[in-house]
Amino acid sequence: MHDAIVIGAGPNGLVAANLLADAGWSVEVLEAQPTPGGAVRSDRGVHPDYVSDLFSAFYPLAAASPVIASLGLDREGLVWSHAPRVLAHPLADGRCAVLDRLPHDTAAGLEEFAPGDGAAWTDLCKVWDRLGPDIVRGLFTPFPPLISAARLFEGVRRTGGMGLVRRLLLPVRRLGEEFRAEAGALLLAGNALHADLPPEAAGSGGYGWLMSMLGQHHGFPVPTGGAGELTAALVRRLERRGGVVRCDTRVVEVVVRGGRAVGVRTAADERVPARRAVLADVSAPALYGSLVAEEHLPGSVLNGLRRFQWDFATFKVDWALDSRVPWTAPQAATAGTVHLADGVDGLTSFAARIAMGLVPEAPFLVFGQMTAADPSRSPAGTESAWAYTHLPHRIKGDAGGQGLTGRWEGSESEAMADRMEEVVERYAPGFRARVLRRRILAPPTMEAMDANLHGGALNGGTAALHQQLVFRPVPGTGRPGTPVKGLFLASASAHPGGGVHGAPGANAARAALRSHLPTVLTVRRRRLPRAV
């Protein structure tokens, strides 16, 4: 019998297992898929000479995360690689907004669009210089982050007080009005839509600012050799500490006795006991709506779960290109990540279509150039590329007039992939002629490959303010503990949410360890001799 069973070998599950093993616990990780990694996997499924990342690809949050840093994965062979530029947003006229690693370079580029915009960007960077370290510490520690919050409060007081708080809670469209030209707003707004935060959403300005600053200070790095190398490093580290990862083992039930989690049951009806804890790197709806029987859950959790909101669905296309992307804006060729949308208004229109349940006629694309970021991904002079866009979970119609229904069978998926390629063609004429092969990952396909990606939702639930902090995953929670003793939520559905940074897994592991600390202290206290 192992001390802990971890359900799911995604990044959070593997981080949790590593931290428990560091503390001397015996750990077994059970993964439903044939390989570990969850949304951090790569393969050669598009073309044998090209490495493609299946889901996530760029890792600014991992680069910034003290959790990931503490694991020393470089000792396990993990090497990070960077594109020359972090991010580009080309415009239809051939100009390009660029996020560089050096704030001065980003500011200089924005100054070319309009006098004063460089200074406006530098002003946002100065806020990060004062608050960034405390924001990062607070983001990746259990809620409430008391020490980090105290430092952050003092920093905010000195930097601008309530005026600064209001500024960061602004919709990104409003924050973007601090720039005379649209380029600065595009960098912020595009980054906000990496989550499901449209330009008019409260807090989208702060989120876009956060991702932009992380990009400048840490880059959008990729693991050399593919996303799977990050997973491989986590697995190697765990196995060297005695941990076990067992794949093709789907958990269907958390076994509860006397109000405590005592193990799990698999789809093969195997009972796997846990001496101390069960940690679940699964979505909150899967944990509370399937794995744990209703009789073990309070009504408040079940009611909250009925109002749980997923983040947007996702549709992704991978390409093997016989040469580099022919961007009309040369700067875009040197960026690992490229945003494609017709201005902030185009982003608003895109998000509005999703809110209305419509497939957007002009999808906003996050486009990845993996060979530009890591030359090992494909032969010299070629490009391993991908793009994703977002969709409604429940499709009511097609704003593009092609009658797409959301079944995503055969011709529907092909038509959606063609629509995405047409967007790329507007900014890179001749792109389609360079495609050797492509692979389509429609929302049902993504979910089949990773059950946590419900309908292709990447972040374990919406990033909107109403489902963050004490409201994540349901009101009154916010910490990894659950109503069942010995059971801890370790997925992106828990605070602080989506992204590959390991914080939900680390928080769950530390909570599990703390849950046994009082028992140890009590035993030691009883052994002390009585004072005379």
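## Packing of helices α1 and α11

In this predicted model, P11, L14, V15, A17, N18, A21 and D22 of α1 meet T231, L234, V235, R237 and L238 of α11, a contact being heavy atoms within 4.5 Å. Helices (H or I, at least four residues) and strands (E, at least two) are DSSP runs numbered from the N terminus. The axes of helix α1 (residues 11-22) and helix α11 (residues 228-240) come within 9 Å and cross at roughly 25°. That angle makes α1 roughly parallel to α11; angles under 35 degrees count as roughly parallel, over 145 as roughly antiparallel, 65 to 115 as roughly perpendicular and the rest as oblique. Axes are lines fitted to C-alpha atoms, for helices over the stretch in contact, with angles from 0 to 180 degrees between N-to-C directions.

The crossing of α1 and α11 is left-handed. A crossing is left-handed if the near helix is turned anticlockwise from the far one by less than a right angle, and right-handed if clockwise.

## Packing of helices α4 and α5

Helix α4 (residues 103-111) packs on helix α5 (residues 117-139) at an angle of about 150°, with the axes 7 Å apart. Helix α4 is therefore roughly antiparallel to α5. The contact involves P103, T106, A107, L110 and E111 on the α4 side, and D117, G118, A119, W121, T122 and C125 on the α5 side. The crossing of α4 and α5 is right-handed.

## Aromatic pairs

The structure contains 12 aromatic pairs. Rings of Phe, Tyr and Trp (its six-membered ring) pair if their centres lie within 6.5 Å; planes under 30 degrees apart count as stacked, over 60 as edge-to-face and the rest as tilted. The ring centres of F350 and F364 lie 5.9 Å apart with planes at 70°, so this pair is edge-to-face. It links distant parts of the chain, 14 residues apart: F350 belongs to helix α14 (residues 343-355), and F364 to the loop between β15 (358-359) and β16 (365-369). F350 is buried at 1% relative accessibility, and F364 is buried at 2%; buried means under 20% relative accessible area, exposed over 50%, and partly exposed in between (1.4 Å probe, protein chains only).

The rings of W386 and Y388 have centres 5.9 Å apart and planes at 0°, so the pair is stacked. W386 is buried at 5% relative accessibility, and Y388 is buried with a relative accessible area of 11%. One aromatic cluster is formed by W319, W327, F367 and F431.

## Backbone features

A cis peptide bond joins R472 and P473, with omega about 0°; P473 lies in the loop between α17 and β20 (487-489). The bond from H495 to P496 is also cis, with omega near 5°, and P496 lies in the loop between β20 and α18 (503-527).

W408, a residue other than glycine, has a positive phi near 55°. W408 sits in the loop between β18 (397-398) and α16 (411-427) and is buried at 10% relative accessibility. Phi of L469 is likewise positive, near 55°; L469 is found in the loop between α17 and β20 and is partly exposed at 42% relative accessibility.

## Confidence and conventions

The mean pLDDT (the predictor's confidence in each residue, from 0 to 100) is 93 for the chain, and 93% of residues reach 70 or more. Over residues 519-532 the pLDDT is below 50, and this stretch has zero contacts in the model beyond near neighbours in sequence.

Residues are numbered from 1 along each chain as its sequence is written, and side-chain values use heavy atoms, leaving out hydrogens and water. In this predicted model, local features need pLDDT of at least 70 and side-chain atom pairs count only at pLDDT 80 or more, whereas totals for chains, interfaces and linings use all residues.
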